[in-house]
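Student: Could we go through this structure together, beginning with a single residue and then moving out to the whole chain?

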Amino acid sequence: PLSSTPPRATVVALSVALLASVQFGFGLSVLNAPQEAICASLAIGSNSASWAALVSVFAPAGLVGANSASGLLRRLGPSGAVTRTAYWFALGGMLQFAAASADKAGGFWLLLLGRVAIGIGAGIATVAVPVFCGDLASLSQRGSFGCLNQIGCVLGIFLAQLLGLGLSTEAKWRWLLGLPTLLAGLQLLGAPLLVQSVPRLVAAGLLNEARELLRRIRPASTSKSQLEGELRAMKEEAREASRKGGTSASAFEAARTSRPVARALKLGVLLMLCQQLSGMNAVFFYSTSIFKTAGLASPAVGTLVCGIVNILATVAGMVLSDRAGRRPLLLVAMGGMIASALALTALLSAGATGPLLVAVVCVSISFFGIGLGGIPWAIGTEIFAPAVRPSGMALCATVNWTATALVGLLFPLMQRQLGTFCFLPFVGCLAVGFLLVNAELPETRGKTIAQVQAALNR
C-alpha cells in the first residue's frame, strides 16, 4: 500500500547518499573502455607496468579510505562521513581531467594521483554508505536498504560502461574521467538533505529530536506504538554500547573476549572474501578484454549488456533479501556461481565465441547480483553490535579492498599461466565459502540486534 512506502525525506536522503556508491562503481570500472585511448595519449603500453599501476592503485587507495572511515563515523556520524567522500571525488576528478592536458609524463602522474584520491573516497563510501542506510532502515527494511550500497555501485559501473562507448577517444577521455567532479558537486548540493542518524541522537540523549526524526523517515502507516518500540530498542542498544565503550570500541579487541563479536568479525570477513574471490571483479576489471579475446565482434557492447544484467540482478537481490532471507539467498547464489564458472571455463576451453559466451557471463553476474553483490554489506550492519559497528564494518571493508587489489593484480597473471582455466581458482574459493556459510551463518532477517547477538553467542 501507498502508506507503507518510505516517505520523501527517506527516499531523498538515500538518493543523495547513494551518489557516493555510484562514484565507487564508476571509479572501479571507468578505465576499462578508454584503455587504448589513454595509453596512446600518455604513450604507455596497454600491458605495461604503468597501465597496471593506474588500474591497481585504486584498491590500495580504497584500503586507506576504508581504514579512515571508522574514525570519520565516530566524529561526524554517517551523514558527515558520506559527505566527506565528495571532497575526495572532486579532487580526483579534477586531477584526472587535467591529466589529458599535461605532457605525457606529467599526465601519467596526475592520472595516478586522481585515481588515488577517488580510491580514498570510494573506500570511505564502502563503510559510510551501508552504515547510513542501516541506521535509516526499520527492522523490515534492513535487507533491502542494506543492499542499496551495491545498487549504487552497479549503477556507477554501468554509467562508466555507457559513457565509455562515446567518450573513449584521445580527444574525449578527459570528460569521462572528469565526471566525478560533477557528481561530487551534486553530492555537496544534496548534503543538507542527508538526515541524521536516529541511533546516534538516542545515544546522545536527544530523545525528542530522535522521536521527531523517526516520525519523518518512517512510512505514514507506522503507528505511535511502533515508533516508541523502536526508540526503546535503540535506547537499550545505546546503553549496551555505552557499557562497552561507546562506538569507539575496537571490534578486533572486543573479539578477544566476546564470542558474538568474534563470530561477527569472522563472518563479516568471510563474506567479503567470498564476494571478491568469487571472480566477479575479474570480469568487471577485464570484461572488454575477455570478450575481445573470445572473438566477440563488439566487446564493449557485450560489457554493456552485462552491466544491464548486473543492475537488474542486484535490484532483484534487494527485493528478495527481505522475503527469502539472507542465508538461503546466499547459498543458492553461490551454488549458481560455481556452476556458471565451470560452464564459462568449458566454453572458453572449447573456443566458444559470441552470444553464448555473453549469456553464460550474464548468468554468473545474475547469481552474483542476487547474493554476494549486496548481502555482505547488508549483513555487516546487522551482525555487529552498535558498540563495534564502525570498527567492524571498517575492518570488513579493509579485507574487501585488500582482496580487490589481489584480484586486480593477480588475474592477468592467472590468465597468462592458466589460460582458459583461469576461473577455476575462483570456483575453489566459492566452494569453500559455500561450506562455511552453510555451517556458520545464522539467518538475520526480521531479527533485532539483540536476537542476532544471541544467535551469534550459541
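**Starting from a glycine**

Tutor: Gly335 counts as partly exposed, at 30% relative accessibility, where partly exposed is the range between buried, under 20% relative accessible area, and exposed, over 50%, computed with a 1.4 Å probe and protein chains only. The model is a predicted one, in which local features need pLDDT of at least 70 and side-chain atom pairs count only at pLDDT 80 or more, whereas totals for chains, interfaces and linings use all residues. Residues are numbered from 1 along each chain as its sequence is written, and side-chain values use heavy atoms, with hydrogens and water left out.

Student: Which helix does Gly335 lie in, and how many Å apart are Gly335 and Thr303 in space?

Tutor: Gly335 belongs to helix α16, helices being DSSP runs of H or I with at least four residues, and strands runs of E with at least two, numbered from the N terminus. Between the C-alpha atoms of Gly335 and Thr303 there are 23 Å, with 32 residues separating them in sequence.

Student: And where does Arg323 lie, and is Arg323 buried or exposed?

Tutor: Arg323 sits in the loop between α15 (299-321) and α16 (326-349), and Arg323 is exposed, with a relative accessible area of 64%.

Student: Let's switch to α2. Which residues of helix α2 are buried, and what do they pack against?

Tutor: In α2, which covers residues 35-42, the buried residues are Ala37, Ile38, Cys39, Ser41 and Leu42. They pack against α3 (49-56), α4 (58-99), α5 (104-136) and α8 (173-190), with contact meaning heavy atoms within 4.5 Å.

Student: What comes just after α2?

Tutor: Just after α2 there is Ala43, with a positive phi of about 55 degrees, and this positive value occurs in a residue other than glycine. Ala43 is in the loop between α2 and α3, and Ala43 is exposed, at a relative accessible area of 54%.

Student: What about Leu136, buried or exposed?

Tutor: Leu136, a residue of helix α5, is buried, with a relative accessible area of 2%. Beyond its neighbours within four places in sequence, Leu136 has contacts that include Thr10, Ala13, Leu14, Phe145 and Ile217. The C-alpha atoms of Leu136 and Gly146 are separated by 9.8 Å, the two being 10 residues apart along the chain.

Student: Now α21: why do its buried residues end up on the same side?

Tutor: The buried residues of α21 (residues 449-456) are Ile449, Val452, Gln453, Ala455 and Leu456. They lie on the same side of α21 because they cover an arc of only 160 degrees around the axis, the arc being that of the directions from the helix axis to the C-beta atoms.
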